[in-house]
Amino acid sequence: MSSQEPAKNYDVVLVGAGIMSATLGTFIKQLEPSWTIGIFENLDQAGLESSDPWNNAGTGHAALCELNYSPLGKDGKVDPAKAVTINEQFQVSRQFYSFMVQQGLIGSPKTFINPLPHMSFVIGDDHANYLRTRYEALSAQPLFATMEHSEDLAKIGEWAPLVAEGRDSGRVAASRVEGGTDVDFGSLTRQLTAYLGTTGADLHFGHRVTKLDRNSGGWSVGVKNRATKQDFTVNAKFVFVGAGGGALHLLQNSGISEAKGFGGFPVSGQFLRCTDENVIARHHAKVYGQASVGAPPMSVPHLDTRFVDGKRSLMFGPYAGFSTNFLKTGSLLDLPLSIRPHNLLPMLNVAKDNLSLVTYLVNEVVKTRSKKNESLQDYYPQAMGENWELITAGQRVQVIKKDPAKGGVLQFGTEVVTSADGTMAGLLGASPGASTAAPIMVGLLKRCFPTHFGGWESKIAEMIPSHGEKLNTNVKLLEEVTNHTNKVLELA
């Protein structure tokens with residue numbers, strides 16, 4: 001909880017204390033140290049919803065192993081463009097982390113990022129043929145030049161013993177990039193938020209933003225103190241709504257026309273978490289498989305080594321589910337209360353066009369524990385179900401938006417919504433989300449503060465040396481940036 005009364009006026013109000021708000025606040029504090037910042041978070045600590053390590057994949061999404069970022073096209077080829085874009089974005093985030101560590105503004109890199117190989121693993125001829133095609137397309141790109149590929153089970157067993165041991169004969173394939181990472185975004189969020197607190201930002205936990213209204217100077221922000229039940233109002237020249245699944249309601253409440261037509265489709269998830277330390281110690285990789293037909297990208301199965309609060313763990317999942325709340329701590333009324341006349345048609349069209357997703361979710365919801373164990377054994381044949389506990393992950397609200405051709409589409413990704421006058425912005429959507437927070441926020445600053453941005457670019461370039469460049473087309477700079485971030489973040 002905050003120990004002081006909120007100020008009446010702020011230059012910037014950040015709604016929600018997740019990785020997005022923490023990242024944006026950090027950039028603003030570096031670029032404009034004199035600007036006043038107020039952060040209002042409903043929960044009692046930063047990074048407890050979608051940024052929490054048990055509520056997200058924590059991959060450091062760089063498209064190294066996530067097959068949904070490089071699908072097989074109708075022409076039988078794999079277009080590397082999306083994977084390259086996501087990898088470029090994560091390189092920006094790595095540079096941002098490195099700057100904060102090097103300046104002593106956050107703690108040791110081991111508290112939030114660890115080196116970890118990223119693998120893709122598939123079973124059967126069709127999937128193996130696809131993975132070979134993907135490998136050939138991606139490994140030709142400088143950002144993916146270190147990718148390895150094998151269909152030799154013994155070699156795959158060297159990379160990930162649990163995946164290979166006890167496996168029946170049959171064609172399998174794997175690709176690997178040794179230089180991947182695992183990121184504890186909860187720890188990183190709390191460190192960035194603490195940095196903001198030490199540099200003058202007002203941190204108000206246990207405070208829920210209830211209302212956003214325009215006023216002559218920008219925005220009037222209605223807030224409720226959960227402990228005292230007191231309602232009060234603060235003023236802000238700029239508001240960022242980084243409230244995860246709660247962002248849609250607030251953007252709708254603000255009345256900005258740019259939020260019209262957007263809806264949300266919540267998908268929940270569960271993971272199996274290993275309780276056997278001997279098994280945990282034998283696996284050192286993130287192993288991503290191929291999604292089921294109709295499954296959303298966030299439901300791609302993965303057998304993951306994780307480092308949470310410095311402790312190594314192992315998890316498998318996710319098992320998708322459906323709940324109408326938009327946040328893990330939200331209300332079952334979140335979905336019905338988000339329906340408006342302006343987004344009803346897009347939502348109905350999405351329902352009509354995504355019957356395979358509905359079928360998938362229904363099948364996942366009714367899946368028994370024994371069936372969940374069988375899914376685990378597809379990736380770890382010798383897994384013993386009694387050594388795994390079932391945990392509930394976070395909510396992901398997929399973006400529904402208007403589409404001129406289809407009426408509405410379900411978008412698996414992130415969407416930045418900004419008001420025409422640049423005084424409000426918000427973030428909707430999910431993956432790759434947290435991993436790309438730094439480049440998303442640089443883009444947001446450019447959109448919302450166009451008259452300031454030119455004067456900020458030299459500082460941004462100090463924080464992100466590749467600013468304005470594409471590493472995939474500048475091999476020398478890619479090598480310099482990789483070596484630098486590997487050293488500072490202790491990844492090499």
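A residue is called buried here if its relative accessible area is under 20%, exposed if over 50%, and partly exposed in between, with a 1.4 Å probe and protein chains only. By that rule, Phe449 is buried, and so is Trp456. The structure is a predicted model, in which local features need pLDDT of at least 70 and side-chain atom pairs count only at pLDDT 80 or more, while totals for chains, interfaces and linings use all residues. Residues are numbered from 1 along each chain as its sequence is written, and side-chain values use heavy atoms, leaving out hydrogens and water.

Rings of Phe, Tyr and Trp (its six-membered ring) pair if their centres lie within 6.5 Å; planes under 30 degrees apart count as stacked, over 60 as edge-to-face and the rest as tilted. A search of the whole structure finds 12 such aromatic pairs. In one of them, the ring centres of Tyr97 and Phe112 are 5.7 Å apart and the planes meet at 80°, so the pair is edge-to-face. Tyr97 belongs to helix α2 (residues 81-102) and Phe112 to the loop between α2 and β3 (113-115), so this pair ties together parts that are 15 residues apart in sequence. Here helices (H or I, at least four residues) and strands (E, at least two) are DSSP runs, numbered from the N terminus. Tyr97 counts as buried at 4% relative accessibility, and Phe112 does so at 1%. The aromatic pair of Phe449 and Trp456 is tilted, with 5.6 Å from centre to centre and 55° between the planes. Ring pairs also link Phe27, Phe96, Tyr97 and Phe112 into a cluster.

Charged side chains meet rings as well. A charge sits over a ring if NZ of Lys or CZ of Arg is within 6 Å of the ring centre and within 35 degrees of the ring normal. Arg273 lies over the face of Trp54, 4.5 Å from the ring centre, and Lys372 lies over the face of Tyr319 at 5.6 Å.

Turning to strands, two of them pair if DSSP finds at least two bridges between them. Strands β9 (residues 207-215) and β10 (residues 218-225) pair in the antiparallel sense over eight bridges. They form a hairpin with two residues between them, and Arg214 stands opposite Trp219 in β10.

Finally, Thr181 is found in strand β7 (residues 181-183) and counts as buried at 2% relative accessibility. Leaving aside neighbours within four places in sequence, Thr181 has contacts (heavy atoms within 4.5 Å) that include Phe90, Arg94, Ile113, Lys286 and Leu491.
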